[in-house]
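Please go through the model shown here and its computed geometry. The report below is split by topic.

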Amino acid sequence: MNASTPSPAPIVIATRESRLALWQAEHVQALLQARGHAVALLGMTTRGDQILDRALSKVGGKGLFVKELEAALEDGRAGIAVHSLKDVPMDLPAGFALACVMEREDPRDAFVSPRYANLDALPQGAVVGTSSLRRVVLLRHARPDLRIEPLRGNLDTRLRKLDDGQFDAIVLAAAGLKRLGLQERIRAVFTPEQMLPAAGQGALAIEVRAHRADLLAALAPLAHRPTWLAVAAERAVSRALGGSCSMPLAAHAHFGTDGLLHLRAAWGDPERPGLLVRADAGAAVATEPEAQALGERVALTLRDGGMR
Ligand SMILES: NCc1[nH]cc(CCC(=O)O)c1CC(=O)O
């Protein structure tokens, strides 16, 4: 009898080709390989990577980063896709599922500047780069005098534009900078009071076709339950408010030392610069429906507080 069993086909990870996306895909590849899986990468360029001259909110939203990867899962070129959860739309297309959400990296936003130590140190009228409506609204609230200019492109592109002198400072997610070993570029991290993060910021999610029980089983050990519950609450705020990335919404949850899940959210109206509505709540949360209920409660408070 032949003792050798055919080795199973490798798990193929569909990934964008930016340095951050590749780092994230290779991170998942290494974790799966350590568990004995054979894993290959399939690099792809998405429309979100190609369109760099317009704000994402104007050209179809963050889903642009995800759709091409989903097409690769659909036609079997790849089995899994690794995403920054922040870029994953609230509702996945039918037949797709998030197999797991991994332990969150630093969820905060970072202040990056060659000359200035933090937001307060910026001179009157300084130019700050960001294309995130959430960051625009929160920056305007903190410093109405600043000139906020659009900034798109992957992390390296954004840092190069800063170094070229196009901006006095830019705002980036701390998680991306840390993953790429660029943490020395962080001059200050924003407190949640100054700059509340986006739903899902700092967390990686792995998407599969929902019927792939084999992949769901392979990925289950990579899940981090506290992160999953926190992001379920954050994403529920966004979903309850009809969330799209064209909405300047912040939502961040974490388990406190009291064991409760604390959720904060903020919403501003770009057309009404003075307006910023905040809401927060805490609850004992052990299941996804409980996390979602907390998110929906906070969303209602935001509505009552003057949203729309
Ligand atoms: N919108 C792009 C994007 N998507 C995820 C991250 C950072 C990493 C993360 O949040 O996990 C970034 C860059 C940024 O916002 O600075």
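## Model and numbering

This is a predicted model: local features need pLDDT of at least 70, side-chain atom pairs count only at pLDDT 80 or more, and totals for chains, interfaces and linings use all residues. Residues are numbered from 1 along each chain as its sequence is written.

## Overall fold

The protein chain has nine helices and 13 strands. Helices (H or I, at least four residues) and strands (E, at least two) are DSSP runs, numbered from the N terminus.

Of the 308 residues in the protein chain, 41% are buried. Buried means 20 or more other C-beta atoms within 10 Å of the residue's own; exposed means 12 or fewer; partly exposed lies in between; C-beta atoms are placed from the backbone. Take the contacts in the protein chain with a separation of 6 or more: 71% join residues 24 or more positions apart. A contact requires C-beta atoms, placed from the backbone, within 7 Å.

## Nonpolar core

The largest nonpolar core holds 83 residues. Such a core is a set of buried Ala, Val, Leu, Ile, Met, Phe, Trp, Tyr and Cys residues joined through C-beta atoms within 7 Å. Those with the most contacts inside this core include Ile13, Ile170, Ala233 and Leu261. Helix α8 (residues 225-240) supplies the largest share of this core, eight residues.

Beyond its neighbours within four places in sequence, Leu261 touches several residues, among them Leu229, Ala230, Ala233, Phe255, Val285 and Leu294.

## Ligand shell

Around the ligand sit Ser84, Lys86, Asp87, Leu172, Ala173, Ala175, Gly176, Gln201 and Gly202. Each has its C-beta atom, placed from the backbone, within 6 Å of the ligand. Strand β8 (169-173) and helix α6 (174-179) are the elements that give two or more residues to this shell.

Domain 1 (1-103 + 203-223) and domain 2 (109-189) both contribute to the shell, so the ligand lies between them. The domain bounds come from an automatic or database domain assignment.

## Helix α3

Helix α3 (residues 64-74) buries Phe65, Val66, Leu69 and Leu73. Seen down the axis, these fall within an arc of 75°, so they line one face of the helix. The arc uses directions from the helix axis to the C-beta atoms. Just after α3, Gly76 takes a positive phi of about 85°.

## An exposed loop residue

Ala94 lies in the loop between β3 (80-84) and β4 (96-101). Why is Ala94 exposed? Ala94 is exposed because it has 6 other C-beta atoms within 10 Å. The C-alpha atoms of Ala94 and Pro144 are separated by 43 Å.

How values were computed. Contact = placed C-beta atoms within 7 Å.
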